[in-house]
Amino acid sequence: MNDSPTSPVSDDVVELRPHSPASLEPLLRWKNDLEIRRLSDDETHTYSREQVAATLERWMRPSEEIVHLAIGLAGRAEPIGFLHLALIERAHQRCRLGIVIGEKELWGRGYGHQAVVRAVGHAFDVLGLERITAEVFADNPRSVRLLEGAGFVREGVMRESIHRDGRRVDELVYGLLRHEWSKGHK
């Protein structure tokens with residue numbers, strides 16, 4: 001059973017909602033924005049409209065292993081970003097979180113934090129998971145602050161994990177356990 005929300009889940013301003021065709025144009029912009037790709041993706045090639053449309057189509061299909069959600073603002077049709085709860089393993093009650101706020105003029109306003117808090121709540125309370133991991137490039141301090149601010153604990157480093165801009169970059173591994181989350185959010 002796909003436990004993806006079918007109606008918006010909002011937190012005053014931020015909404016997590018299923019993707020719709022309204023996600024196509026923003027996704028095309030974000031997937032081809034060099035700064036966003038550099039901070040969030042280990043692939044740095046250009047994406048065609050057809051590739052992004054195929055990705056969006058896949059993201060709109062229900063899945064047992066991944067929940068794709070658009071990050072929106074109340075009253076705004078186009079999303080401001082996206083997130084996923086991926087590699088959902090019911091047997092081990094765990095998944096991996098990924099997030100992108102694509103509208104750069106909205107960076108630093110707390111929307112990413114609100115989205116992560118909502119997604120973590122969904123993972124623990126609706127999906128019944130016990131552990132969430134996230135990986136972030138070591139040269140992305142904004143994402144490090146986002147994860148730590150949401151209660152994630154740094155668990156390790158994957159040294160020289162990717163090759164980008166002519167050099168090797170570490171990835172930091174973060175984790176959050178349900179009991180840690182419950183303590184901080186009661």
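**View 1. Where the charges of the protein sit.** In this predicted model, the mean positions of the 26 positive and 29 negative charges are 2 Å apart. Lys and Arg count as positive, Asp and Glu as negative, while His and the chain ends are not counted. Each charge is placed at NZ of Lys, CZ of Arg, CG of Asp or CD of Glu.

**View 2. Strand S8 beside strand S6.** Strand S6 (residues 131-137) pairs with strand S8 (residues 167-177) in the antiparallel sense, over 7 bridges. Look for Ala134, which stands opposite Tyr174 in S8. Strands are DSSP runs of E with at least two residues, helices are runs of H or I with at least four, and both are numbered from the N terminus. Two strands pair if DSSP finds at least two bridges between them.

**View 3. Strand S8 beside strand S7.** Strand S7 (residues 153-164) is also an antiparallel partner of S8, with 8 bridges. Here Gly156 has Val173 in S8 as its bridge partner. S7 and S8 form a hairpin with 2 residues between them, and Asp165 in the turn has a positive phi of about 55°.

**View 4. The strands and helices in order.** You can find 6 helices and 8 strands in the protein. Along the sequence they follow the pattern β-β-α-α-α-β-β-β-α-β-α-β-β-α.

**Notes on the views.** Residues are numbered from 1 along each chain as its sequence is written, and side-chain values use heavy atoms, leaving out hydrogens and water. Local features need pLDDT of at least 70, side-chain atom pairs count only at pLDDT 80 or more, and totals for chains, interfaces and linings use all residues.
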